Amino acid sequence: MIVAAGEALIDLVPQDAGSPAGAGLSPLAPRLGGGPFNTAVALGRLGSPAAFCSRISYDAFGEALLARLRAADVDVSWVQRGAEPTTLAVASIAADGSADYSFYVDGTADRLFAAPARLPDGVRAMIFGTCSMVLEPGASAYEELMRRAAAGGVFTALDPNIRDGLIRDPDAYRARFKSWLPSVALLKLSEEDARWLGGTPEEWLASGPAAVVVTRGGEGLSVLTRACGEISVPGVPVDVVDTIGAGDTVNAALLHGLAARDALSADAMAGLDTAAWTDVLRFAARAAAVTCSRAGAEPPYAAEVDA
C-alpha cells in the first residue's frame with residue numbers, strides 16, 4: 001500500500017478555466033483537491049493499492065472529498081474527522097493554464113491533524129508535501145510521521161509544492177526543508193519550487209534522497225541519481241486546459257511505476273538503470289498530460305495513460 005499524507009481541500013476555479021488571470025471576476029466552481037488528496041486519487045485510478053492519511057471536515061465538502069477517495073478505491077481508514085470547515089483555495093488561471101492560489105486556512109480541519117500512534121501493516125511507501133508541511137500544528141505532526149516512517153524502513157517521498165503565500169518565514173522553511181532530506185528517499189519538485197528553495201538537485205541528492213525528480217511543465221521532467229546521473233524525457237504535447245493537479249499526478253505515476261518494478265526502497269531505486277528510469281519518467285509525463293487536458297485535478301485512469 002502507498003499512503004498519501006496531507007491536506008484535502010476545495011479548489012475554487014474560474015468556470016472558464018482557460019481565461020487569463022485578471023480578465024475580470026468570473027464565477028467560481030468548486031473542485032475537489034489538495035496535493036496529497038490528488039496524489040491518492042491518482043494512485044487509486046492508476047491501480048495502485050492506496051490510502052489517504054489526513055483530517056477531513058464533517059461538512060458537505062468533506063463528505064464529497066471522502067466520496068471521491070472511495071470512488072478511486074482509496075483506503076480512508078487513516079482519515080481523521082473534525083467539525084471545523086474545509087480549507088478553500090481560490091485559483092487564478094493564466095493564459096498558459098498555470099494556476100496561482102490564495103488560501104482560506106484559518107481554523108480548518110486539516111490543520112489539526114494528529115500523527116497516528118503507529119503505522120498499519122502493509123505500508124510500502126508514504127508521500128508528503130504541500131500546505132500540510134507548512135501550516136501548524138499539523139505540519140509538525142506530518143513531519144513526525146515522515147521521520148518515523150523513514151526510521152521504520154518505509155519508503156518516503158516528498159513534494160514540497162511551494163505555496164509561498166502561506167510561508168511567513170521563508171528562511172526558516174528552507175532550513176526545515178533541508179532537515180527533512182535525510183528522511184526522504186525520493187524528492188520530487190518543480191523548477192519553480194527549486195528556484196524558490198534556492199538549492200540544486202546535486203545538493204539535495206547529497207543530503208539523503210536516492211533520486212531527485214524535477215518537473216519542467218511542458219518541457220518534460222528529469223531525474224538525478226548517483227548511479228545514472230541525469231536522465232530527461234520531453235513533455236507530451238497536449239491542449240492545456242489548466243495545470244491543476246499535474247504535479248500530483250506525476251507523484252502518483254512515479255510511485256506507481258517504481259512499485260511495478262519492485263523499487264519502493266532506496267536501495268532498489270538506486271539500482272534502476274537508465275532504461276527503467278526513462279520508462280518511469282515517460283509514464284509520468286503521459287499521465288500529467290492527460291490531467292492538463294481537462295479542468296481541475298482530474299487524474300487519469302491506467303487505461304488512459306496506456307492509450
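Buried means under 20% relative accessible area, exposed means over 50%, and partly exposed is in between (1.4 Å probe, protein chains only). You're working with a predicted model, where local features need pLDDT of at least 70, side-chain atom pairs count only at pLDDT 80 or more, and totals for chains, interfaces and linings use all residues. Residues are numbered from 1 along each chain as its sequence is written, and side-chain values use heavy atoms, with hydrogens and water left out.

**Exercise 1. Sort out the cysteines C131 and C228.**

Step 1: Start with accessibility. C228 has 23% relative accessibility, so it counts as partly exposed. C131, at 5%, counts as buried.

Step 2: Look for disulfides, meaning pairs of cysteine sulfur atoms within 2.5 Å. The count by this rule is 0. For C131, the nearest cysteine sulfur belongs to C53 and lies 16 Å away.

**Exercise 2. Find the largest nonpolar core and look around F155.**

Step 1: A nonpolar core is a set of buried Ala, Val, Leu, Ile, Met, Phe, Trp, Tyr and Cys residues joined through side-chain atoms within 4.5 Å. The largest one here has 56 residues, and F52, L69, F155 and M269 have the most contacts inside it. Helix α9 (residues 274-292) gives the most to this core, namely 9 residues; helices (H or I, at least four residues) and strands (E, at least two) are DSSP runs, numbered from the N terminus.

Step 2: Now list contacts, which means heavy atoms within 4.5 Å. Skipping neighbours within four places in sequence, F155 touches residues including R124, M126, L186, L255, L258 and M269.

Step 3: A second, separate core has 48 residues, among them V3, F103, A149 and L205.

**Exercise 3. Describe helix α3 (residues 138-151).**

Step 1: Check the length. The expected span is 1.5 Å times one less than the number of residues. For the 14 residues of α3 that gives 20 Å, and the end C-alpha atoms are 20 Å apart, which agrees.

Step 2: Pick out the buried residues: G138, A139, A141, Y142, E143, L145, M146 and A149. The elements covering them include β1 (2-5), β10 (125-129) and α4 (170-180).

Step 3: See what follows. After α3 comes G153, with a positive phi near 90°.
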